[in-house]
Amino acid sequence: MRDIDLSGRVALVTGAARGIGEATARRLIEAGCTVVLNARTLNDEAQAVFADLDALRPGSTTIIDGSVAEPAVVATIARTIFAKYKRLDILVNNAGIQRDNYIGMIPDAEIEAVMVNNVFSVIRLTQALSRLMKRNGAGSIVNVASILARTGNPGQFVYSASKAAVIGATMASAKELGPSGIRVNAVAPGLIATRMTEAMTDADRRRWESQIPLGRVGSPAEVADVIAFLASDLSRYVTGQVIGIDGGLVI
Amino acid sequence: MELQQRVEKAFTDALDLPADVDWATLEYRQYETWSSLGHMTLVAALEEEFDAMMEADDILEMSSFNKAVEIMRKYDA
Ligand SMILES: NC(=O)c1ccc[n+]([C@@H]2O[C@H](COP(=O)([O-])OP(=O)(O)OC[C@H]3O[C@@H](n4cnc5c(N)ncnc54)[C@H](OP(=O)(O)O)[C@@H]3O)[C@@H](O)[C@H]2O)c1
């Protein structure tokens, strides 16, 4: 399916070895894009997934491993993309972690890990890579937030705060980078079937599902489709928006 | 072109400096055009001239013309 045409474009997808990141990389490659794939560690699982992705269109990917929360990794990513492609059209800030704990029982290291992985990574990558986008006077940044940024949830104090920060960063960067031709939007997935939500108890899952007007959990591909739309020229007049992908969970 | 001249060229292109500018003493914010916004234009001009991507620390540390020359040595392939 080539309804969205991204041929000739270069994208970076962070945390691309599974879940929403993997589905997004797949969708972008299928749309003709060259994709730089990032994973925190290039273990056997990540290597197998990345080999499958490259097989979709051989030579259409480059792998850069390392945590995007680390400034040195962000600098390496910017340097590598510049050296290899001299351009970046699409940045998908997907990498994120979820750690659930009740208020009063959250270790300090966990607060820091969630904020650094979910927020600092977005800020650092946006700062480093928007400069590369500016050179072409165009670009699209898509940040993966969460419906919890707007609704919150017991046990998800830090995670919700981190995703709300992602939305703030999305809006501020959309305003500042708009004059340079760079659009910045966020998606706010609801309940999506990935490893992140696997740990949920059946009772919790049923409780959530009963609140979703479309009656079911979403798939990573359904998030990837919206990200591909935001990455493409079909959304050329859309910036600073947060699009819910939640089957109507938050209306 | 010498490295220093290439840096001068980027400064001139980006910051619209007077013809008699004293390169040896030129510092950040000395002229209205070398503001924080002008600094980003300057970075873009340097990156264009040296066909490189500058690192965040270098951008923040580039507080004078001399410092810029020193930093750009790294990017002079
Ligand atoms: N699934 C949902 O229902 C849902 C809902 C709302 C929002 N989201 C958001 O969607 C995004 C993708 O989540 P997912 O559901 O696909 O989860 P997932 O299956 O856990 O995948 C996330 C991937 O990102 C990687 N990652 C995390 N931090 C990283 C870092 N600093 N550098 C490089 N890679 C990093 C993870 O690697 P490690 O295993 O090494 O950490 C993992 O491979 C996240 O931002 C998440 O918060 C998910």
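**Ligand shell and chain contact**

Me: By class, how many residues of the shell around the ligand are nonpolar, polar and charged?
Reply: This is a predicted model, where local features need pLDDT of at least 70, side-chain atom pairs count only at pLDDT 80 or more, and totals for chains, interfaces and linings use all residues. Residues are numbered from 1 along each chain as its sequence is written, chains are lettered from A and ligands numbered from 1 in the order written, and side-chain values use heavy atoms, leaving out hydrogens and water. Ala, Val, Leu, Ile, Met, Phe, Trp, Tyr, Cys and Pro count as nonpolar, Asp, Glu, Lys and Arg as charged, the others, Gly among them, as polar. The shell then has twelve nonpolar, twelve polar and four charged residues.

Me: How many residues surround the ligand?
Reply: A:Arg40, A:Asn94, A:Asn117, A:Tyr159 and A:Thr194 are the closest. With a heavy atom within 4 Å as the test, the count is 28.

Me: Which residue has a side-chain N or O atom 2.6 Å from an oxygen atom of the ligand?
Reply: A:Asn94 uses a backbone N or O atom, 2.7 Å from a ligand oxygen. The side chain of A:Asn117 has an N or O atom 2.8 Å from a ligand nitrogen. The 2.6 Å pair belongs to A:Thr194.

Me: What share of the ligand's own accessible area does the protein cover?
Reply: A:Thr194 has a side-chain N or O atom 2.6 Å from a ligand oxygen. On its own, the ligand has 890 Å² of accessible area (Shrake-Rupley, 1.4 Å probe). The protein covers 92%.

Me: What area is buried between chain A and chain B?
Reply: The contact (heavy atoms within 4.5 Å) takes nine residues from chain A and ten from chain B. Carbon and sulfur atoms give 51% of the buried area. Summed over both sides, the area is about 810 Å².

Me: Which residue forms a salt bridge with A:Arg131?
Reply: Four salt bridges cross the interface of chain A and chain B (Lys or Arg side-chain nitrogen within 4 Å of an Asp or Glu carboxyl oxygen). In the A:Arg131 pair, the closest N and O atoms are 2.3 Å apart. The partner is B:Glu47.

Me: How far apart in sequence are the parts that A:Asp3 and A:Arg27 tie together?
Reply: These two form a salt bridge, with their closest N and O atoms 3.3 Å apart. A:Asp3 lies in the segment before strand 1 (10-13) of chain A and A:Arg27 in helix 1, so the pair ties together parts separated by 24 residues.

Key
Polar contact = N/O pair within 3.5 Å; in protein donor to acceptor, adjacent residues only side chain to side chain. Buried area = accessible area lost by both parts, 1.4 Å probe. Helix = DSSP H or I, 4+ residues; strand = E, 2+ residues; numbered from the N terminus.
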